[in-house]
Structure formats: structure tokens, C-alpha cells
Amino acid sequence: MKENEKVKIKLLSDRLDLIRHRMENMLQKNETEKYEELEKEKAELETDIARLKVLHSTKLSKEAQKLAGMPFKRLITKKEQADIGKLKKAVRGLIIVHPMTALGREMELDGMTGFSKTDF
């Protein structure tokens, strides 16, 4: 996901939070007309955020889509990272992605993650 799309999602989410807080206050004050306007704007923001998130998932590279489609994925523990060769030999077809590589940043990984067609 490009940075500008992340920024757009963040700004829209912040506006949505602000509207939710305003709506809570308006319920207490019984301001129904303004509440209805904010309800419409809230619905628009939610659809925009959902659209941007779908756009992000379709823009992933082919390799990222292939990895995301694999049935088994999990974080690699520190102990496994210490002897990564042993893990790779034990699990055939294991692909490990580090979060600081281009692919890892694109997939927004939190830690070293392994992808495989078989459970590991």
C-alpha cells in the first residue's frame, strides 16, 4: 500500500472517530437533525474506508498474493530463528519473509513469518 493511501485511511478513520464522539453528545442533547446529518456522513466514511482497504488488498504484488493464499502461515519463534536451517529442512516448501524486506513491508508483517502449503 502506498503511503498516501495509508494516510487517507488514517484521516478517514480519525474523522469517523470524531463523528462518533459528536453523535454520542448529540444523543444526550436530543439534537436529531444534526444527528441524522452525521449519521449520513458516518456511513459515507465507512464505505470509503472499506473501499480503500479492498483496493489495498488487490494491489498486492503477485508474489504477495501467492503467499497470502497459502493455507498455513505463522510467526517464526526466536528459538526457530536461531536454527532456521533445521526448520527449513523439516518443512519442505517453507518460505520465510522478514518484515524489513520490501515484500514484508508490502504485506505489513509484524515479525518474521513463515508461509507453507503444509502445517508446521
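A salt bridge here is a side-chain nitrogen of Lys or Arg within 4 Å of a carboxyl oxygen of Asp or Glu. The model is predicted, with local features needing pLDDT of at least 70 and side-chain atom pairs counting only at pLDDT 80 or more, while totals for chains, interfaces and linings use all residues. Residues are numbered from 1 along each chain as its sequence is written, and side-chain values use heavy atoms, leaving out hydrogens and water.

Five salt bridges turn up in the structure. In one of them, Glu46 meets Arg20 at 3.3 Å, N to O. That pair ties together distant parts of the chain, with Glu46 in helix α2 and Arg20 in helix α1, 26 residues apart (helices are DSSP runs of H or I, at least four residues, numbered from the N terminus). Glu46 sits at 33% relative accessibility and so counts as partly exposed, that is, between buried (under 20% relative accessible area) and exposed (over 50%), using a 1.4 Å probe and protein chains only. Arg20, at 35%, is partly exposed too. Asp17 joins Arg20 and Glu46 in a network of salt bridges.

Arg15 pairs up with Glu41, their closest N and O atoms being 2.7 Å apart. Here again distant parts of the chain are linked: Arg15 belongs to helix α1 and Glu41 to helix α2, 26 residues apart. Arg15 is partly exposed at 41%, and Glu41 is partly exposed at 28%.

Within helix α1 (residues 3-29), Lys10 and Asp14 are four residues apart, so about one helical turn separates them. Their salt bridge has its closest N and O atoms 3.1 Å apart. Asp14 is partly exposed, with a relative accessible area of 35%.

Notes
Helices (H or I, at least four residues) and strands (E, at least two) are DSSP runs, numbered from the N terminus.
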